[in-house]
Amino acid sequence: MFFPKRKLIAFLFLFCIIFLVFFFSSQPSVYTIRAAFSDISKIPFLILTGITHEIRAVAFFHRSYWNNLKLREETDALKAQLLKLEENSLENGRLRSLLELKSRSSFKTTAAFVIGKDFNSFRPYLILDKGSSSTIKKYDPVLTRSGLVGKVLEVGRYSSKIVLINDPDLSVPALNVRTREQGLVSGTLDGRCKLRFLDADSDIKEGDLIVTSGLNMSYPEGIVIGKVRLVGTESSGLGKFAVLEPAVRVSSVEVVLIVVS
Amino acid sequence: MIMNKSILALGLVFLKFALTSLWSMPLNIFDPLLAAVIIYTFFHSLDTKDVVAYALFCGFVADIFSLNSFGAYMISYLACAFSVSLFSRIVYRQNWLFLFPLVFLGVFLNGHFILILEPILSRGASPHYGGLFLLRILAESLGTTLLAYPLYLFSKRCASQLIA
C-alpha cells in the first residue's frame, strides 16, 4: 500500500464526488430542479429588488435631479428628430404599399421585470419574474426598446433566466446596416461583444450600426445590437472583427420584452 | 445570536444579488459565498471532513443560483478550499490577518478553476483568455477580500460557526 488506509478512503470519496458531479452535470433533470429552485426563490428576489430599488432611489436622489435637467434637453432634441422620423415613416409606408411588401415587425412580445442580476465573468445572466406559465419558452429572444438583450436559457414555471448578449457562448447572426455585410456577434470573457467572421477586405467602420440579420430564424430581423467601436484584424490575418458598443446597457435593464411568437 | 453556517450561506447568495443590483455595473466584484468558504477553511483547516462538506454545500448553493453547468462551483469551491487549507497550514493560523491574502488567492484561483471546468462540463469550446478577463478576476478578488473583513466581524459577533 502506498497510502495509509484513511487517506485512500478520503481520496476515493473525493473521486466519487467529482465523478457524480460530472455525471449529474449532463443530466437534464438537474437543470429542471434548478429551475424549480429559481421559482421558489422568486419571492425573496422580488423583496430584494424592491429594497435595492428604494436604496438606490434615496442614494441617487441628487444625481437624478441633474439627470432630469439633462434629459429634458435631450427630450427636446429627440422630439424634433421624431417629427422628422414620422415623416419618413409615412413616406416609407406609402412606398411599401406601392411595392406590396408586408410589415416586417410581426413578432409578439410579453413584458417581464428583472428580479435578479449576476454579472460573473463566465455566464452573466438576469432572472425574470415570468416563466412557462406566461408562454415563455427556452431560447426565446429577449430585447428592450433600445435593442437585443439576450435569450432565455432556463425556464421555470414562474421565473426564467436569460443569458446575455456578452456571453462567450451566445452567437447572434448579425448584419451591418450600411454595407449589408453579415457576421456573427458573440461575447467575450471580458464582457464585450464582438462581430466576427468578416472578410479581410470588409469596409466596416467605426460607428456602423449592427442589427440582427434573422438568418437562423431564432432572432427576428432588424433588432439593434449595437454600434461598432473598434475594428481589428484576426490574428490569423484571414478576416476582420469588430468590437461593439451594445445598444442596451445590460446592467441597468429593469424591464424586458420576450419574443414569444 | 447563533447563526447556522448553512443559513448564512443562503443569506450570502442573496447578499451577492443585492450588491450586484446596488452596484449596477456589468462587473461582479463580490463573491461573499466563496469568502465564507475560505474563512471557514482557514479556521477549520485541520478538520478536513467539515471543510469538504461545507465547500460542497456552498458550491451546491452557488450552482443552484447560477447559469453555469451544474457542478462547476461545487468542484471549484472544493479545489479552492483544498488550496487554502494547504496554504493556511504554512502560514501562522493564529494571526487572523493572514485570512485576507488567502481570500484574495482563493477568489483568484476559483476564477481560473471555473475557466478550466466550464468547457469540460458543458462540452463546449474554451473561451479566449484575455488581459481584461484577468483584470475582472483581480477586481473580484480585491472586492471579495474587502468584503471578508465585515463578514469575519459578523461571523464573530453572531457566532455563525464559521470561526472556530
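Guide: Two residues are in contact if their C-beta atoms, placed from the backbone, lie within 7 Å. This is a predicted model, where local features need pLDDT of at least 70 and side-chain atom pairs count only at pLDDT 80 or more, while totals for chains, interfaces and linings use all residues. Residues are numbered from 1 along each chain as its sequence is written, with chains lettered from A and ligands numbered from 1 in the order in which they are written.

Visitor: Which element gives the largest share of the side of chain A that touches chain B?

Guide: Let's start with the whole: 40 residues of chain A are in contact with 34 residues of chain B. Several elements of chain A each supply at least two residues of its side, among them H1 (5–25), H3 (42–59) and strand E1 (109–118); helices (H or I, at least four residues) and strands (E, at least two) are DSSP runs numbered from the N terminus. The largest share, 7 residues, comes from H3(A).

Visitor: Which residues of H1(B) does H3(A) meet?

Guide: The axes of H3(A) and helix H1 (residues 5–23) of chain B come within 9 Å, an axis being a line fitted to C-alpha atoms, for helices over the stretch in contact. From H3(A), residues including A:Phe45, A:Leu48 and A:Ile55 take part. Their partners in H1(B) are B:Phe14, B:Phe17, B:Ala18, B:Ser21 and B:Leu22.

Visitor: In what order do the 6 strands of chain A close into a barrel?

Guide: Two strands pair if DSSP finds at least two bridges between them. E4(A) and E5(A), for example, pair in the antiparallel sense over 5 bridges. The barrel's pairing is antiparallel, and its order is E1-E2-E5-E4-E3-E12.

Technical notes. Axes fitted to C-alpha atoms, helices over the stretch in contact; angles between N-to-C directions.
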